[in-house]
Amino acid sequence: MSDINEIVEMNHFGPSLVTNTKYLFFTGKGGVGKTSAACATAVFLADQGQKVLLISTDPASNLQDVFDMELNNKGIPIPSVPGLTVANLDPLQAAAEYRESVIAPYRGFMPESVIANMEEQLSGSCTVEIAAFNEFSGFITDTEIQERYDHIIFDTAPTGHTLRMLQLPSAWSDFISQSTHGASCLGQLSGLESKKDVYRKAVETLTDGGETTLVLVTRPEESPLKEAQRASVELAELGVRNQVLVVNGVLESRDDEISTKLYQKQYNALKELPEGLKELPVYYIPLRAYNITGLENVRAMLKDDRQRIAGETLQFDRIAGLHDLVNSIDAHGKKVIFTMGKGGVGKTTVAAAIALGLAQKGRNVHLTTTDPAAHLQFVLEQAEHITMSRIDEHEELRKHQKEVLSRARANGLKEEDIAYIEEDLRSPCTQEIAVFRAFAEIVEKADDQIVVIDTAPTGHTLLLLESTESYDKEIQRTKGETPESVKKLLPRPRSEETEVIIVTLPEATPVYEALRLEDDLKRAQITAGWWVINQSFYQTGTSNAFLKAKASHEAEWINRVGAHTDGCFVLIPWKADRVKGDKLLDL
């Protein structure tokens, strides 16, 4: 078999290779290991006698577990690592405080429906990002902090969307609080006018290649590599060009069928490395069998391939298979099935397997997806009792953007205000709303079938649509008309005929993100019944010592999900190849 280093020139990652700047920003898709890489880098530098400040703004951060001590947002010295100070910012708490600071002046003066609409407008991921930027901008611009530390390391960098928003003139105008253009994330900056100069200085530091290095962390897998490419291009266009790529989790040895297949899968993914990423300095971190928690493992991450077996074992005598989930859906007469979860966890495959299982029982099923990387025809060919469709999320977004911008221009808005609208329309919330409208039309036409929907809207999107509709009725003006199909579908996710399934992986960050998604749904009064834990090495029966050790560390997260769901979860083993056709029934 060919060697991975033959297709991509990668050096082993060492912090000294990327620390010629004061500021280091680690960023990447959830679950790729950016927190672990940031922590290992910080500890390495401190062990070399340097003064280091490590700051996390990741909502799924497990820094307190990593260092096994309580942390705060000011910075706590780590006794066992002289020279290292760690601050753990909570962007969710920061967003809540910021949201209340914006809304408080209006309480008691505006109708409750208006207040509810404002609260939901300020509850999306964009607001969390702005709040996080507000928190760490102080660390970037504080001259005392700059003088005190040799390196300041951030776990999670701001997205291109956030940086563009901060640089728009209209983002700082009264337009934000007065607009009726139909945007989904109004007002993120409306309470932060006094910080404008601080943000400008922070953005200047980010884009100064002599001051800042952006470390793009990814995994040798198709989805994370595409996400890294997207982030790289987007940030480079905004002037953040001093970038390096770190591929985390590269398997270095193989000696059984499972490890050989994993190696080949990584080889194939890196063989298709996007051209833009090939132009960056590329480094790799070998796959580690252990969780990066505790100082011993943090220090070991960049140099030690120990295969220590974790002590925890599964606490369940019987674990459900996907057929048990299908039987439950059928027995309870569910009509609308949502599979939900972060990108790359396998939602499309799970949705297709559920659809095929129901069709095998003679049920008429319509299966639809928005996942651009997982066209259904590559997962499931046309089968008896199944019809399929794919919603092009980019096309739906373009249609929605065109509609909103046409209405804004017809209302005579200034070009700088149009620019704000255009940026707001790039937000994740806007995309969910555009896609949800297309979903609604499909569900409306399929009352006589079971509808299985891959990639569902979040609770925030549903609440946003509902509060906007209520707000429109209250002030009698239009913020983007809500189609009748959407109005009919809005109550459906809360009904007894709907089954919401959360898909995750047996690792820390994906589980934390899934829990956050579940909380988001609960705000919209939507209950997730089943969880599916996908891609488990615990279930593969591998004889490779390294992968056996890795599998043993999954037990902690499988047990957590099992306890959280009271045993209402499915565990699917890792598969080397894309599962398709009748093989879906074997999951």
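User: How many helices and how many strands does the secondary structure of the protein come to?

Analyst: The secondary structure comes to 22 helices and 16 strands, where helices (H or I, at least four residues) and strands (E, at least two) are DSSP runs numbered from the N terminus. This is a predicted model, in which local features need pLDDT of at least 70 and side-chain atom pairs count only at pLDDT 80 or more, whereas totals for chains, interfaces and linings use all residues. Residues are numbered from 1 along each chain as its sequence is written, and side-chain values use heavy atoms, with hydrogens and water left out.

User: Why is Ala-359 called buried?

Analyst: Buried means under 20% relative accessible area, exposed means over 50%, and partly exposed is what lies in between (1.4 Å probe, protein chains only). Ala-359 has 7% relative accessibility and therefore counts as buried. This residue lies in helix α15 and, leaving out residues up to four places away in sequence, touches Val-365, Glu-384, His-385 and Ile-386, a contact being heavy atoms within 4.5 Å. The C-alpha atoms of Ala-359 and Ile-450 are 9.5 Å from each other, although 91 residues separate the two along the chain. For the protein as a whole, 57% of the 587 residues count as buried.

User: What makes Asn-291 partly exposed?

Analyst: Asn-291 has a relative accessibility of 25%, and therefore counts as partly exposed. Its place is the loop between β9 (282–286) and α13 (295–300), where it touches Asn-297, His-553, Glu-556 and Trp-557, residues up to four places away in sequence not being counted. A distance of 9.1 Å separates the C-alpha atoms of Asn-291 and Val-66, which are 225 residues apart along the chain.

User: Why is Asp-68 called exposed?

Analyst: The relative accessible area of Asp-68 is 65%, so this residue is exposed. Asp-68 belongs to the loop between α2 (63–67) and β4 (76–77), and its phi is near 55°, a positive value in a residue other than glycine. Gln-525, in the loop between α21 (508–523) and β15, also has a positive phi without being a glycine, here of about 60°. With a relative accessible area of 60%, Gln-525 is exposed.

User: How do you know that helix α4 is mostly covered?

Analyst: Of the 10 residues in helix α4 (residues 112–121), seven are buried, namely Ser-113, Val-114, Ile-115, Asn-117, Met-118, Glu-120 and Gln-121.

User: Which residues of the largest nonpolar core touch the most other members?

Analyst: Phe-25, Phe-139, Phe-154 and Leu-245 do so, within a core of 39 residues; a nonpolar core is a set of buried Ala, Val, Leu, Ile, Met, Phe, Trp, Tyr and Cys residues joined through side-chain atoms within 4.5 Å. Setting aside neighbours within four places in sequence, Phe-139 is in contact with residues including Leu-53, Ile-55, Ala-87, Leu-89, Ile-152 and Phe-154. A second, separate core has 37 residues, among them Phe-26, Ala-37, Val-81 and Tyr-283.

User: Why are α16 and α17 called roughly antiparallel to each other?

Analyst: The axes of helix α16 (residues 393–410) and helix α17 (residues 415–424) come within 11 Å and cross at roughly 160°, the axes being lines fitted to C-alpha atoms over the stretch in contact and the angles running from 0 to 180 degrees between N-to-C directions. Angles under 35 degrees count as roughly parallel, over 145 as roughly antiparallel, 65 to 115 as roughly perpendicular and the rest as oblique, and α16 and α17 are therefore roughly antiparallel. Val-404, Leu-405, Ala-408 and Arg-409 of α16 make the contact with Glu-415, Ile-418, Ile-421 and Glu-422 of α17. These residues divide into five nonpolar, no polar and three charged, where Ala, Val, Leu, Ile, Met, Phe, Trp, Tyr, Cys and Pro count as nonpolar, Asp, Glu, Lys and Arg as charged, and the others, Gly among them, as polar.

User: What makes α21 roughly parallel to α22?

Analyst: α21 and helix α22 (residues 545–564) pack at an angle of about 20°, with their axes 10 Å apart. That angle makes α21 roughly parallel to α22. The contact is made by Ala-508, Val-511, Tyr-512, Leu-515 and Glu-518 of α21 together with Trp-557, Arg-560, Val-561 and His-564 of α22, and its residues divide into six nonpolar, one polar and two charged.
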